[in-house]
Amino acid sequence: MGEVGSGFAGFDEGRVGPSWHWLHPRPGEVVDWLVVSSEPLWFTGHFQAGRMMVCNTNLCSMCALGVGKQRRWVLVGIDRKSKEVQAWEFGDSVAEKVRAWAEKYGSCIGLNLEIRRAGDSVHSKLLVECMEVRKVSESLVSRVPTVMEVFTLTFGLTSNTP
Ligand SMILES: [Zn+2]
């Protein structure tokens, strides 16, 4: 038997599966992204050799080398076009905007964001707008990992958040 559900949330749930990826918006792409986390996780890390590494506060080799630290934020959501479950990592300036919307609407969950790059580079600044707020069903929440699960699976640790 196929899947059965009630309500229009099916538009967002359709093909949502158990696997997930990190969201990396490409230049020119417009991502239609539905936040499924009620709040973000944050950590401090170092951008080194093309990837974000979690700062290992006391014994951090990158701190020892003087590599700059930054605060990063993580939310889990779905790409509404592909139905792919994604984790999204972003910096303080985007987090300020997401925070303002979360305060206005009561939670991060259900924020329907439009995410795109400002320029032609994969490193160009992210432009993020909140298009609307959608109802997110319990069944969708139960099908996606939590921000902590995503963080743990990616970085292999849980007790290192500052
Ligand atoms: Zn460090």
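Of the contacts in this chain with a separation of 6 or more, 67% are between residues 24 or more positions apart; two residues are in contact if their C-beta atoms, placed from the backbone, lie within 7 Å. This is a predicted model, where local features need pLDDT of at least 70, side-chain atom pairs count only at pLDDT 80 or more, and totals for chains, interfaces and linings use all residues. Residues are numbered from 1 along each chain as its sequence is written.

Overall dimensions next. Along the principal axes, the C-alpha atoms fill a box of roughly 55 × 35 × 30 Å.

Now the secondary structure. There are 5 helices and 8 strands, in the order α-β-β-β-β-α-β-β-α-β-β-α-α. Helices (H or I, at least four residues) and strands (E, at least two) are DSSP runs, numbered from the N terminus.

On to burial. Of the 162 residues, 24% count as buried, meaning that 20 or more other C-beta atoms lie within 10 Å of the residue's own, with C-beta atoms placed from the backbone.

Which residues of helix H5 (residues 147-155) are buried? They are Val147, Val150 and Phe151. These three cover an arc of only 95° around the axis, so they sit on the same side of H5; the arc is that of the directions from the helix axis to the C-beta atoms. The buried residues of H5 pack against strands S1 (20-22), S3 (41-48), S5 (70-79) and S6 (85-90). Just after H5, Gly156 has a positive phi of about 65°.

Conventions. Buried ≥ 20, exposed ≤ 12 C-beta atoms within 10 Å, placed from the backbone.
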